[in-house]
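Here is a friendly note to read alongside the structure. Please keep the view open while you go through the points.

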Amino acid sequence: MTIRDLGYKPYEGARLPPSNNSWVRLRQGLARAGASWLVKIAVFLSFFPPLIACLALGAGRYFASQMGQAEETLDMGAGALREMFRYETWLVVSLVTLGAGSAAIAEDLTFKAFQFYFAKPVTRVQYLIGRVSAIAVLLFAMTFLGGLFVVVIAGVTAQPEHRLEDFGLMAPMLVYALVLSLFMASASVAVSCLSPSRALTMSAWGLLFVVPPVIASVIDSFTNGDFPWLYLASFTGLLGTMADALFKVETESDLEWFHAAPVLLGLAVLGLWGAHARLRRAEVVK
């Protein structure tokens, strides 16, 4: 008997609710992101910023205590966290978003995978949530675990009367890890919908990641810090401003968190709206 003689047999198994589609897309997105060699390099490099920050923090507090300057080490924990996130952004977040985020939708455009996804009961919103959440989970896991390690070391090495303050850094660290992971995931996935070419979307993301902060830094140095507003066009500059506010790092810049937060939110919403509009234009024959 050939397979054509078997006829159509309706599916009699357990049917999952439509809301499960986002979880399936999340698992598939994590598996595909983990296959990128850039993401694997990022996982390896993610151990170094927190390790260096903890070594610098421990050494600084040890020598300060030996010199009788223990009171000057109160802000070292927040400073170590700020520096750790700075290097995590450039060493880890950049590679994850480049290797996985900026190519997420471009790969599906190349292989015409929307015919497969949207012919099934998967909505455009569920598809987008799955793509963004996969990158965000990866980024959050790497940055939060590194920050948690630094917070623990900061609390252990602090003076007994100041340990509660250093352990209290857990709250701003958690908030910043969420902001960093959600924004960078949303922005990189939004860029990935610009073209079916992975090379083009990855190049575009690399330029957006590197060029604006370099230009802003050069102009800022020529103006002696009197014109920091070009950092509003830089992802890393905006996130750095938020980190300075959360960790209470004093700077001489006129750029404050209430300038950066609306721009970050606006860029994320605009990018996701553009990505959703591109998905709505995807041709699907049912």
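1. Which residues form a nonpolar patch on the surface? They are Trp90, Leu207, Val210, Val211, Val214, Ile215, Val218, Ile219, Phe222, Phe227, Trp229 and Leu230, with about 1,100 Å² of accessible area together. Patches here are made of residues with over 30% relative accessible area and no salt bridge, where nonpolar side chains (Val, Leu, Ile, Met, Phe, Trp, Tyr) are joined within 5 Å and like charges within 9 Å. The areas come from the Shrake-Rupley method with a 1.4 Å probe, and for residues only the protein chains shown count as cover.

2. A word on the basis: this is a predicted model, in which local features need pLDDT of at least 70 and side-chain atom pairs count only at pLDDT 80 or more, while totals for chains, interfaces and linings use all residues. Residues are numbered from 1 along each chain as its sequence is written, and side-chain values use heavy atoms, with hydrogens and water left out.

3. For the overall picture, the protein chain has twelve helices and zero strands. Helices (H or I, at least four residues) and strands (E, at least two) are DSSP runs, numbered from the N terminus. The C-alpha atoms fill a box of roughly 90 × 45 × 30 Å along the principal axes. Of the 286 residues, 43% count as buried; buried means under 20% relative accessible area, exposed over 50%, and partly exposed in between (1.4 Å probe, protein chains only).

4. Back to the patch: its largest share, eight residues, comes from helix α10 (residues 198-222). Leu230 sits in the loop between α10 and α11 (235-246), and this residue counts as partly exposed because its relative accessibility is 31%.

5. Next, look at how α11 meets two other helices. The axes of helix α9 (residues 170-191) and α11 come within 10 Å and cross at roughly 165°, so α9 and α11 are roughly antiparallel to each other. By contrast, α11 and α12 pack at an angle of about 135°, with their axes 9 Å apart, and are therefore oblique. Axes are lines fitted to C-alpha atoms, for helices over the stretch in contact, and angles run from 0 to 180 degrees between N-to-C directions. Angles under 35 degrees count as roughly parallel, over 145 as roughly antiparallel, 65 to 115 as roughly perpendicular and the rest as oblique.

6. Lys248 deserves a glance in the loop between α11 and α12 (257-280). Most residues other than glycine have a negative phi, but Lys248 has a positive phi of about 55°. Lys248 is exposed, because its relative accessible area is 73%.

7. The count of salt bridges comes to seven, each a side-chain nitrogen of Lys or Arg within 4 Å of a carboxyl oxygen of Asp or Glu. Arg32 forms one with Asp108, the closest N and O atoms being 3.0 Å apart. Arg32 lies in helix α1 and Asp108 in helix α5, so the pair ties together parts 76 residues apart in sequence. Asp108 is buried, at 3% relative accessible area, whereas Arg32 is partly exposed, at 25%. Arg32, Glu107, Asp108, Arg131 and Arg198 are linked in a network of salt bridges.

8. Finally, Arg82 forms a salt bridge with Asp244, at 2.7 Å between the closest N and O atoms. This pair links helix α4 (residues 76-101), which holds Arg82, to helix α11, which holds Asp244, 162 residues apart. Arg82 is buried at 6% relative accessibility, and Asp244 is buried at 18%.
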